Amino acid sequence: MKAVPETAAPAPTPGPHRKPTTPAAYPAPSRPRIVTGRVVRTRGGGLSLRFQGRAAAGTAALLLALVVVMGAILTTGDFELSIGEVIKALTGNDTGIADFIVNTVRMPRLLTAVCVGAALAVSGAILQSLTGNSLGTPDIIGFTNGSATGALLVIVVWHGSMTQIALGALAGGLATAAAISLLLLGRGLQGFRLVVVGIGVSALLLALNSYLITRASWQKALEAQAWLVGSLGNRGWVHASAIGLAVLVLLPPALFLSRRLSMVEMGDGIATALGVNVPRTRAILLVISVALAAFATAVTGPILFIALAAPQLARGLTRSSAPGLVSSAVMGALLLALSDLAVQRLFAPALLPVGTATGTIGGLYLIWLLITESRKSRS
């Protein structure tokens with residue numbers, strides 16, 4: 001492998017056949033997208049990878065912070081454990097109370113939080129890149145409420161199992177995506193129009209969800225309302241296995257298409273010129289994004305604002321020009337695990353759902369984001 005610095009191609013020299021242009025006749029060209037880092041290529045040039053030092057350092061820092069938070073979750077609580085006791089329990093060398101606390105109570109909930117946070121963050125990063133709008137997330141566009149509608153139908157009407165709830169959430173999310181695509185037929189998935197249409201569809205789905213709860217029995221209504229808040233309580237290995245399998249299946253193709261996603265982000269014309277099948281790439285990435293959000297919603301209920309905040313915070317940390325799906329996934333896992341640690345330790349013995357923490361933090365972040373975007377538009 002040989003590392004070479006990446007340089008921009010020289011601008012073409014105007015020939016004698018070209019007509020002279022003036023600033024009054026043509027608008028000024030848009031500012032080019034700056035790509036930093038180094039490109040690592042094989043000797044034959046068949047494989048090339050871009051390596052960005054700041055992005056790698058930022059992702060490593062996020063991983064370290066995630067490990068610290070995971071350690072705090074596993075060692076603190078009503079029954080405190082040492083690092084050694086946790087390691088013994090994880091390796092199967094402890095069959096006492098520590099094994100029950102770690103492997104039955106804390107670890108399934110922790111892994112569920114990590115996988116759900118990563119799934120929501122990657123879903124949000126893909127949608128924000130496809131739409132070219134920082135508000136283009138499954139929470140705001142309506143995919144999360146659509147998944148909740150599908151899951152509520154299974155819970156309230158058909159009294160389904162965990163697997164059926166997951167399938168219902170996936171079907172609801174995909175149906176919502178199809179409905180929004182039909183409403184935007186011929187107008188594309190970019191720009192502010194998608195956000196506005198998504199907000200309208202989300203409001204309709206929210207009303208439908210409320211109607212389903214009113215038509216349910218008292219016990220089912222309480223169960224559905226508790227699920228709609230978004231919680232990690234009483235999550236076992238079945239939940240951790242379900243969302244873990246979904247992440248393992250859906251994340252690799254998303255990472256494989258991340259290079260094409262970067263090209264699509266530069267514009268359909270440029271991406272097509274670079275050999276990207278834009279409609280097919282958009283369709284595949286949209287399905288992956290909806291599926292990640294749907295499975296996460298099926299496991300924990302709607303957990304808001306992780307998909308909105310995590311990709312933006314990850315980009316701000318890594319200063320990457322491309323959509324960093326890996327850094328977004330780690331940031332999402334860190335945010336949800338940290339929020340769950342806060343509701344477990346700061347508000348004990350009250351059993352607050354994690355959705356209350358993410359909703360509060362995310363609401364403040366959304367206000368800040370809207371104010372920032374408003375100031376940019378004025379300038």
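Arg 109 is buried in this predicted model, with a relative accessible area of 18%. That puts Arg 109 under the 20% cut-off for buried residues. Its side chain meets that of Asp 340 in a salt bridge, with N to O at 2.7 Å. The two partners sit in distant parts of the chain: Arg 109 belongs to helix α3 (residues 97-131) and Asp 340 to helix α14 (residues 325-345), 231 residues apart.

**The chain as a whole**

- The fold has 15 helices and three strands.
- Of the 379 residues in the protein chain, 45% are buried.
- Take the contacts between residues at least 6 apart in sequence, and 75% of them join residues at least 24 apart.
- The chain exposes about 20,100 Å², and carbon and sulfur atoms supply 66% of that area.

**Salt bridges**

- How many salt bridges does the structure hold? There are four, and the Arg 109 to Asp 340 pair is one of them.
- As a general point, side chains of opposite charge can pair when their charged atoms come close.
- Glu 265 pairs with Arg 315, and their closest N and O atoms are 2.8 Å apart. Glu 265 lies in helix α10 (residues 258-265) and Arg 315 in helix α13 (residues 306-318), so this bridge ties together parts that are 50 residues apart in sequence.
- Are these two residues buried or partly exposed? Glu 265 is partly exposed, with a relative accessible area of 27%, and Arg 315 also counts as partly exposed, at 28%.
- Glu 223 and Lys 220 make another bridge, with N to O at 3.5 Å. This one stays inside helix α8 (residues 218-229): the two residues are three apart, so about one helical turn separates them.
- Glu 223 is partly exposed, at 39% relative accessibility.

**Arg 235, a buried arginine with no salt bridge**

- Where is Arg 235 placed? Look in the loop between α8 and α9 (237-256).
- Arg 235 is buried yet lacks a salt bridge. The nearest side chain of opposite charge is Glu 223, and that is 9.4 Å away. A salt bridge needs the nitrogen within 4 Å of a carboxyl oxygen, so Glu 223 does not qualify as a partner for Arg 235.
- What does the Arg 235 side chain reach at 2.6 Å? The answer is the backbone oxygen of Gly 233.

- Which residues make the nonpolar surface patch of about 360 Å²? Phe 79, Ile 97, Phe 100 and Val 105 do.
- Val 105 is found in helix α3, the helix that also holds Arg 109.
- Val 105 counts as partly exposed, at 41% relative accessibility, whereas Arg 109 is buried at 18%.

Technical notes. Residues are numbered from 1 along each chain as its sequence is written. This is a predicted model: local features need pLDDT of at least 70, side-chain atom pairs count only at pLDDT 80 or more; totals for chains, interfaces and linings use all residues. Side-chain values use heavy atoms; hydrogens and water are left out. Helices (H or I, at least four residues) and strands (E, at least two) are DSSP runs, numbered from the N terminus. Buried means under 20% relative accessible area, exposed over 50%, partly exposed in between (1.4 Å probe, protein chains only). Contact means heavy atoms within 4.5 Å. Accessible areas come from the Shrake-Rupley method with a 1.4 Å probe; for residues, only the protein chains shown count as cover. Lys and Arg count as positive and Asp and Glu as negative; His and the chain ends are not counted. A polar contact is a pair of N or O atoms within 3.5 Å; within protein, one must be able to donate a hydrogen and the other to accept it, and residues adjacent in sequence count only if both atoms are side-chain atoms. Patches are made of residues with over 30% relative accessible area and no salt bridge: like charges are joined within 9 Å, nonpolar side chains (Val, Leu, Ile, Met, Phe, Trp, Tyr) within 5 Å.
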